[in-house]
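Okay everyone, let's get going.

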Amino acid sequence: MKRSTVNRILAEADEFIRSFGYRLPPFAYWSPAEMTERRNDIAGIVDARLGWDITDYGKGDFERLGLFLFTVRNGTAADLKRGRGKLYAEKIMISRRDQLSPMHSHVIKAEDIVNRGGGTLAIELFASAPDGSIGRAAAVSVPTDGAMRTLPPGGILRLAPGESVTLLPGVWHAFWAEEKDVLVGEVSTVNDDLTDNVFAEPLERFSGIEEDVEPLHLLVSDYGTWLG
């Protein structure tokens, strides 16, 4: 993705998020220079990979295959392993109308996906087969705001604004917005986007960036290069 495209998406996303009364934390608006200057004080941001995240999954067609995310808070794998401490994470995301977030599952993370407003969020669901692959024969059952719903393999769960679903590890899911863009909340156990996303097809979780202009804000995928 071109950096100029990333900058445009960031500005559009911030405006969309604000339109629902949601506010990002102050560090969201720091410039790359400010983050570099504060580097010794922001290990909690960098190590937890908090911040802006935009992906086209390496396919170069963000409008059709992509997702905007901002990780607001995140615990640690060490705490999760010992079962105490900061065991949770929170993201705010934007699923654009007819923009696919492709089929994937998680090995560790359990997550609540919440429609925070906008259109309808459509989620295609599969259970896992015994070997962990997509289960194309068995029904899949998921809690939706505490009430269980059972769908056939590949069934589409549609969430209106205010509705949510709990996806446990091993539940395969792909999602997109219908009618209009959706502001999506995610509340989960500790999030690890480097190792805990299992895609049905080979995809890149983080996009390569073509530096045609200066960055407005750093993405989490920039931290290693820009901040060390």
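Predicted model: local features only at pLDDT ≥ 70, side-chain atom pairs only at ≥ 80, totals over all residues.

Is L87 buried, exposed or partly exposed? Its relative accessible area is 25%, and buried would need under 20%, so L87 counts as partly exposed.

Now, which residues does L87 touch, once we skip its neighbours within four places in sequence? They are D79, L80, S188, T189 and V190. Look at V190 in that list: L87 and V190 are 103 residues apart in sequence, yet their C-alphas are 5.5 Å apart in space.

D79 is another partner of L87, so let's hop over there. D79 is in helix α4, and with a relative accessible area of 15% it is buried. Leaving out residues up to four places away in sequence, D79 is in contact with R84, G85, K86 and, again, L87.

Okay, on to the inside. The largest nonpolar core has 33 residues, and I54, F68 and F70 have the most contacts inside it. Elements that give two or more residues to this core are α1 (3–18), α3 (43–46), β1 (51–55), β2 (67–74), β3 (88–95) and α5 (223–227). The largest share comes from α1, with six residues.

Zoom in on I54: beyond its neighbours within four places in sequence, its contacts include M1, V6, F62, F68 and L219.

And there's a second, separate core, made up of 23 residues, with L67, V142, L157 and A177 among them.

How values were computed. Residues numbered from 1 in each chain as written. Heavy atoms only, no water. Core = buried A, V, L, I, M, F, W, Y, C linked by side-chain atoms within 4.5 Å. Buried < 20%, exposed > 50% of the residue type's maximum accessible area, 1.4 Å probe, protein only. Helix = DSSP H or I, 4+ residues; strand = E, 2+ residues; numbered from the N terminus. Contact = heavy atoms within 4.5 Å.
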